[in-house]
Amino acid sequence: MLNILVLHGPNLNLLGRREPGVYGLATLDDITALLEREAQTLEAKIETLQSNHEGVLIDAIHDALGKHDGILINPGAYTHTSVALRDAIAGVNLPTVEVHLSNIHRREPFRHHSYIAPVAVGQISGFGPDSYRLGLYALVNYLKQKS
Ligand SMILES: O=C1C[C@@](O)(C(=O)O)C[C@@H](O)[C@@H]1O
C-alpha cells in the first residue's frame, strides 16, 4: 500500500477562520477527513503534519525517506520564500505534489513564484479543498504508474 506524507505549512492551522473569502470555510480537520476518504478509495495510506516552523517541515521531509512513497504539500507562504524547503524536497528525491487552496497565479505578484514547483511532479492551485483531493489522486496515480 502506498504511504503518502501530507504536509501543511504555516497558518494553515487557522483554516476555517483565516481570510474565508480567500480560503473558504473548511478547517484543516475537514481537509484531513476528505483526504482520508480519498486515500481509502485509492487504497493508499496518509500521514498528516501541519507546522508553522520551516525546520519542522524540513525534518519531516528528511524523515519521510524510507517511510513514505511520496509527499503532498501545501507549503503556505514558504512556497514563495523557502529555498531550504525546496532543497529538502530535492535532497530526498521523493515524488512531491504541490497544492494550494487559492489560485496563487491570480493573486498578488509575490505569490506567482514558487520555489517548490521546479522540484515537484506538478502543482494544483485554486480548487479549495479539492486541490488536495486532486493532488493526492494525481500523486498516487503517478506512483502506481512508476512502480
Ligand atoms: O498560506 C498560504 C496559502 C496558500 O498556500 C494556499 O493554499 O492558497 C497560498 C499561499 O500564497 C499562502 O501564503
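## A tour from the fold to the ligand

Colour the protein chain by secondary structure: from the N terminus on, its elements run β-α-α-β-α-β-α-β-β-α. That makes 5 helices and 5 strands (DSSP runs, H or I of at least four residues for helices and E of at least two for strands). The radius of gyration, taken over C-alpha atoms, is 14 Å, close to the 15 Å that the globule rule gives for 147 residues, so the chain is as compact as a globular protein of that length (the rule is 2.2 Å times the number of residues to the power 0.38).

This is a predicted model, where local features need pLDDT of at least 70, side-chain atom pairs count only at pLDDT 80 or more, and totals for chains, interfaces and linings use all residues. Residues are numbered from 1 along each chain as its sequence is written, and side-chain values use heavy atoms, without hydrogens and water.

Now show the polar contacts (pairs of N or O atoms within 3.5 Å). From an oxygen atom of the ligand, a side-chain N or O atom of Arg 18 is 3.0 Å away, and one of His 80 is 2.7 Å away. At Ser 102, a polar side-chain atom lies 2.6 Å from a ligand oxygen atom. The protein covers 99% of the 320 Å² of accessible area that the ligand has on its own (Shrake-Rupley method, 1.4 Å probe).

Terms used. Polar contact = N/O pair within 3.5 Å; in protein donor to acceptor, adjacent residues only side chain to side chain.
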